[in-house]
Amino acid sequence: MFDFIGKRNIFFVISLVVILAGIVATFVYGVQFGIDFTGGTIIQINIGKEFNNSDIYEILNKYNVGKDSFVQQAGDYRHEVIIKTVDMPDEQRQSIINDILKKYDLKNDAILSINKVGPTIGSELRRNALIAVVVTSVAMLIYIAIRFEYKFGVAAIIALIHDLLVTYAVYALFKIPINSSFVAAMLTILGYSINDTIVIFDRIRENLKNSKSKMTIEELINKSISQTMTRSINTVLTTLFTITILYFIGPSSIKEFALPLIVGIASGAYSSIFIASPIWYLWKRNEKSVKSTAKSGLRTT
């Protein structure tokens with residue numbers, strides 16, 4: 001049986017290194033926000049036939065905005081293009097549209113929409129996303145405190161924060177813009193990760209009730225994690241396999257959502273096994289009262 005608790009410092013250091021790397025990247029590169037947050041223009045044009053995103057980017061690069069723009073195909077037959085660009089003068093935006101119309105021999109009625117997204121909306125998105133994460137975390141903490149005990153809840157919430165920070169660190173290190181899809185993926189990760197952690201905590205609780213031997217807490221946690229390991233790995237691999245396929249063959253809008261999910265779910269599986277339970281163990285080991293432990297016949301080391 002693998003000694004998950006005995007090796008906990010190794011896993012803590014691994015997580016700490018990744019999170020610190022993300023913090024350093026934030027100071028070096030800054031936070032990379034997408035147009036959803038910074039404001040800009042969203043243009044949708046019906047090309048009416050198949051096209052390559054690279055051709056659209058070529059036009060955008062002509063006006064030095066290709067690097068800060070995002071192009072995705074849309075519509076039932078993917079004959080429409082949605083271009084998200086940074087804010088720019090009206091003349092420049094019109095020139096880009098004219099070049100696209102000219103390239104594909106289109107009329108003005110091919111322009112489906114031109115919408116400007118102000119930075120005010122971006123501020124609202126950031127605030128609402130933060131509120132959603134806080135409310136979700138508090139609700140989970142209350143549920144776990146009622147269902148188990150508050151120490152399990154706090155350990156689970158720390159593991160969730162770990163997952164969010166690791167996912168953000170990957171985005172910060174690779175300078176990937178944070179957009180509304182990232183926020184949606186974060187909320188999804190919260191639900192998925194807590195489910196995996198709860199399964200392990202539930203097994204620990206059951207083993208605590210049923211243990212009749214002089215087993216240490218470390219041994220009991222290691223045993224509980226080992227008993228749920230197969231289930232955790234199979235569930236995560238099945239989910240990751242599906243999402244990874246969607247990432248490689250799906251449209252751009254799906255890729256935006258799939259990438260943070262891949263990172264977050266992998267991090268969630270890691271934290272459920274290597275972070276959440278060791279944190280609960282440290283708290284349990286250090287608590288002065290060992291009344292509940294003595295009742296279960298367990299002993300600390």
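This report describes aromatic ring pairs and charges over rings in a predicted model.

## Basis

In this predicted model, local features need pLDDT of at least 70 and side-chain atom pairs count only at pLDDT 80 or more, while totals for chains, interfaces and linings use all residues. Residues are numbered from 1 along each chain as its sequence is written, and side-chain values use heavy atoms, with hydrogens and water left out.

## Aromatic pairs

Rings of Phe, Tyr and Trp (its six-membered ring) pair if their centres lie within 6.5 Å; planes under 30 degrees apart count as stacked, over 60 as edge-to-face and the rest as tilted. By this rule there are twelve aromatic pairs.

One of them joins Phe11 and Tyr270 edge-to-face, at 6.3 Å centre to centre and with 80° between the planes. Phe11 lies in helix 1 (residues 8-29) and Tyr270 in helix 9 (residues 252-286), so this pair ties together parts that are 259 residues apart in sequence. Helices here are DSSP runs (H or I, at least four residues), numbered from the N terminus. Phe11 is buried, at 10% relative accessible area; buried means under 20%, exposed over 50% and partly exposed in between (1.4 Å probe, protein chains only).

Tyr247 and Phe248 also form an edge-to-face pair, at 5.3 Å centre to centre and 80° between the planes. Tyr247 is partly exposed at 25% relative accessibility, and Phe248 is exposed at 61%.

## Cluster

Phe11 and Tyr270 belong to one aromatic cluster with Phe2, Phe4 and Phe274.

## Charges over rings

A charge sits over a ring if NZ of Lys or CZ of Arg is within 6 Å of the ring centre and within 35 degrees of the ring normal. Lys255 lies over the face of Tyr247, 5.1 Å from the ring centre. Lys151 lies over the face of Trp283, at 5.9 Å from the ring centre.

Terms used. Helices (H or I, at least four residues) and strands (E, at least two) are DSSP runs, numbered from the N terminus.
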